[in-house]
Amino acid sequence: MAQVRGSAHIAATAVIIMVTMSMLFQSQVAEAAAHDVKWDYGVKLSPVTYKTGDTINFKNTDKLGHNVIKVGQAAFGKCSGQGGAAKQGPVKLESGANFFICSVGKHCSQGGMKIQITGN
Ligand SMILES: [Cu+2]
């Protein structure tokens with residue numbers, strides 16, 4: 001009888017361990033979140049910080065024709081898309097400061113289409 005109880009106890013412990021491990025695994029998978037950034041001419045954007053590896057979706061509604069260029073800090077300050085990398089679709093946030101601008105016309109300098117997103 002004691003042996004039966006003992007193996008039942010072991011089985012219950014094993015189930016608890018498996019459930020705990022699957023919960024831990026799920027929380028790790030769910031860690032990468034997606035964030036929307038309003039990407040319209042005239043938008044007012046402040047620097048934000050998210051987790052490295054999170055997804056950034058640049059959402060445009062004004063139909064003006066925009067791009068998303070990842071640039072360095074100096075180019076960000078000057079609103080220069082030169083040497084930057086065009087980003088299509090969702091952008092995966094890299095560790096540290098990420099600088100994005102729209103390099104179309106004066107969308108960055110006059111339309112506010114620039115944002116610093118820090119990954120940490
Ligand atoms: Cu634009």
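This note goes through the predicted model from its overall layout to its sheet and its core.

1. Basis. Residue numbers start from 1 in each chain and follow the sequence as written. Because the model is predicted, local features need pLDDT of at least 70 and side-chain atom pairs count only at pLDDT 80 or more, while totals for chains, interfaces and linings use all residues.

2. Elements. The protein has 2 helices and 8 strands. Both kinds are DSSP runs numbered from the N terminus, helices being H or I with at least four residues and strands being E with at least two. Read from the N terminus, the order is α-β-β-β-β-α-β-β-β-β.

3. Of the 120 residues, 19% count as buried. A residue is buried if 20 or more other C-beta atoms lie within 10 Å of its own, exposed if 12 or fewer, and partly exposed in between, with C-beta atoms placed from the backbone. Among contacts with a separation of 6 or more, 51% are between residues 24 or more positions apart. Contact here is defined by C-beta atoms, placed from the backbone, that lie within 7 Å.

4. The open sheet. An open sheet is built from 3 strands in the order β1-β3-β6, with mixed pairing. Its edge strands are β1 (34-38) and β6 (91-92), and each of them pairs on one side only. Strands pair if DSSP finds at least two bridges between them.

5. Pairing of β1 with β3. The two strands are parallel and share 5 bridges, with β3 covering residues 55-59. Valine 37 has phenylalanine 58 of β3 as its bridge partner, and lysine 38 has lysine 59 of β3.

6. Pairing of β3 with β6. These strands run antiparallel and are joined by 2 bridges. Isoleucine 56 stands opposite valine 91 in β6.

7. Faces of β3. In a regular strand the side chains alternate between the two faces of the sheet. In β3, Ile56 and Phe58 make up the covered face, whereas Thr55, Asn57 and Lys59 make up the uncovered one.

8. The core. The largest nonpolar core has 17 residues, of which Val68, Phe100 and Ile101 touch the most other members. Such a core is a set of buried Ala, Val, Leu, Ile, Met, Phe, Trp, Tyr and Cys residues joined through C-beta atoms within 7 Å. Two or more residues come from each of β3, β4 (69-71), β7 (96-101) and β8 (114-119). The largest share, 3 residues, is from β7.

9. Valine 68. Leaving out residues up to four places away in sequence, valine 68 touches Phe58, Lys87, Val91, Phe100 and Cys102.

Note on methods
Two residues are in contact if their C-beta atoms, placed from the backbone, lie within 7 Å.
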